[in-house]
There are 4 protein chains.
Amino acid sequence: MAFTYHRTVRFQDTDAAGVVYFANVLAMCHEAYEASLATSGFNLKAFFSNPAVAFPIVRASVDFFRPLFCGDLLSIRLIPQKLQEDSFTIAYEVMATEKVVAKAMTQHVCIDAESRKRQSLSVEMEQWLQQWGDR
Amino acid sequence: MAFTYHRTVRFQDTDAAGVVYFANVLAMCHEAYEASLATSGFNLKAFFSNPAVAFPIVRASVDFFRPLFCGDLLSIRLIPQKLQEDSFTIAYEVMATEKVVAKAMTQHVCIDAESRKRQSLSVEMEQWLQQWGDR
Amino acid sequence: MAFTYHRTVRFQDTDAAGVVYFANVLAMCHEAYEASLATSGFNLKAFFSNPAVAFPIVRASVDFFRPLFCGDLLSIRLIPQKLQEDSFTIAYEVMATEKVVAKAMTQHVCIDAESRKRQSLSVEMEQWLQQWGDR
Amino acid sequence: MAFTYHRTVRFQDTDAAGVVYFANVLAMCHEAYEASLATSGFNLKAFFSNPAVAFPIVRASVDFFRPLFCGDLLSIRLIPQKLQEDSFTIAYEVMATEKVVAKAMTQHVCIDAESRKRQSLSVEMEQWLQQWGDR
């Protein structure tokens, strides 16, 4: 079951061309990721400053199909997928007024935050992958 | 009657000190302003890219009382006040878990967007001031 | 001949994990693009708010090899390449202390800013592509 | 002797009104602060993630006199001043083409980063205040 996050485009998201600045769409997708973690019971403060384990992004990409404007009401649909024992990807679909305006992807690895060495995903992340993943 | 906006602190709002980057609190306050305009029926896309009239900020200030962390659930209370025929201020109170974490202010003037000369507030803005102002 | 842009990582680029927030690396690459345009004689204000022609990004991607910290001195090497009559890509290589920390790509199309229809690249953009492109 | 920082306005600094988004001017002033610290020999990574001592901003304000556009070349003049044993302010003057476009202020306190209790400024910060302060 995919997770869906709702977000209004804000003035600060836009640039002098009158539309959303491209990199901000990836930031909105990351917000959807954060919202899905919170919904699954994760404490975001602890999750993102955990001195033991971290899930840095090693790859991100985004395709834009239509421009986004200040005030647009977005739905971001998120589907995570396990990649290997120590990594996962998240696919995002950004919709406005029932049209797909962008698609994005982030790829994450699980590391020991101190040594920055890769390690297996925790039980909690496996559960989060199962909860929102596409099966 | 003041307007209240709810907002979760996101990862991108934070900095390497582990708390929200100071200037982002003003941006969150501006989001509350945008949300109050939308609630009053303004079309945000038109409002913020109107070639005829604009309401640029000529002064802003913010006081911080407590640090803000990723995942914190904020309530931002906004009270606008007319200053002169062509200007208004907005007072913001940022609350987290029932404590005031920051207070901010923005001062706006009404200008002809082409000539950038000051002009009187429109009827719609007068109504917005009445709707959310403190009387 | 590639264009190289120098940039210091700033506090606002970082997040609570202590490193640069992922989407900000794409923004830094866009700065390199802007700097290359300015060096080629483009007026940036006119270029980015031109009511006649625009070059929106239709695709972007980035790979991260190492974390970036506040104060890091970056060199961003940019190589544009013509794709079709109405499009081009830019490859970016982000270096810190002589190590590649990230690689990115943006793909742009040339459009009539009013109708948003695709059109051929202007002579000036062809020259920019020749000036910094890899031949 | 004041410190001067040079900065080009970038596309991401702007918003759909075609000028720099207000809160980004404070972020540019903070960059000037970071540059002055680096010039005085501080290691920025250590300074901003020091687990022992931090200098959070408790108050900030900014006045805008003219709009700023993408590509504008800015000079930001910074003058710090000691306030009390545990606090200082920084005054910023933002210039473009020899005109003052904005003035800003940040007020900082020195705290133990663990307990968040106030403590006296370190010798290094006293020296930084002397180096760039107005005497």
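This is a predicted model: local features need pLDDT of at least 70, side-chain atom pairs count only at pLDDT 80 or more; totals for chains, interfaces and linings use all residues.
Visitor: By its relative accessibility, does K82(A) count as exposed, partly exposed or buried?

Guide: Residues are numbered from 1 along each chain as its sequence is written, chains are lettered from A, and ligands are numbered from 1 in the order in which they are written. Buried means under 20% relative accessible area, exposed means over 50%, and partly exposed lies in between (1.4 Å probe, protein chains only). Because K82(A) has 32% relative accessibility, K82(A) counts as partly exposed.

Visitor: With which side chain does K82(A) meet in a salt bridge?

Guide: A salt bridge here is a side-chain nitrogen of Lys or Arg within 4 Å of a carboxyl oxygen of Asp or Glu. At 3.3 Å from N to O, the partner of K82(A) is E85(A).

Visitor: How many salt bridges does the count come to over all chains, and which residue forms one with R59(A)?

Guide: Over all chains the count comes to 36 salt bridges. In one of them, R59(A) has its closest N and O atoms 2.6 Å from those of its partner, D63(C).

Visitor: Are R7(C) and D13(C) buried or exposed?

Guide: The side chains of R7(C) and D13(C) meet in a salt bridge with an N to O distance of 3.0 Å. As for their accessibility, both R7(C) and D13(C) are buried.

Visitor: What area do chain C and chain D bury between them?

Guide: The two sides are in contact (heavy atoms within 4.5 Å) through 15 residues of chain C and 15 residues of chain D. Within the area that chain C buries against chain D, R10(C), F11(C) and K45(C) supply 36%, more than any other three residues. Buried area is the accessible area (1.4 Å probe) that two parts lose on being put together, summed over both. With 62% of it on carbon and sulfur atoms, the area between chain C and chain D is about 1,400 Å².

Visitor: How many residue pairs are in polar contact across the interface of chain C and chain D?

Guide: The count of salt bridges between chain C and chain D is two, and in one of them R10(D) pairs with E31(C), the closest N and O atoms being 3.1 Å apart. A polar contact is a pair of N or O atoms within 3.5 Å; within protein, one must be able to donate a hydrogen and the other to accept it, and residues adjacent in sequence count only if both atoms are side-chain atoms. With both residues at pLDDT 80 or more, the pairs in polar contact number eight.

Visitor: Which element gives the most to the side of chain C that touches chain D?

Guide: The elements of chain C that give two or more residues to this side are strand 1 (3–8), helix 1 (22–39) and helix 2 (44–48). With four residues, the element that gives the most is helix 1 of chain C.

Conventions: Side-chain values use heavy atoms; hydrogens and water are left out.
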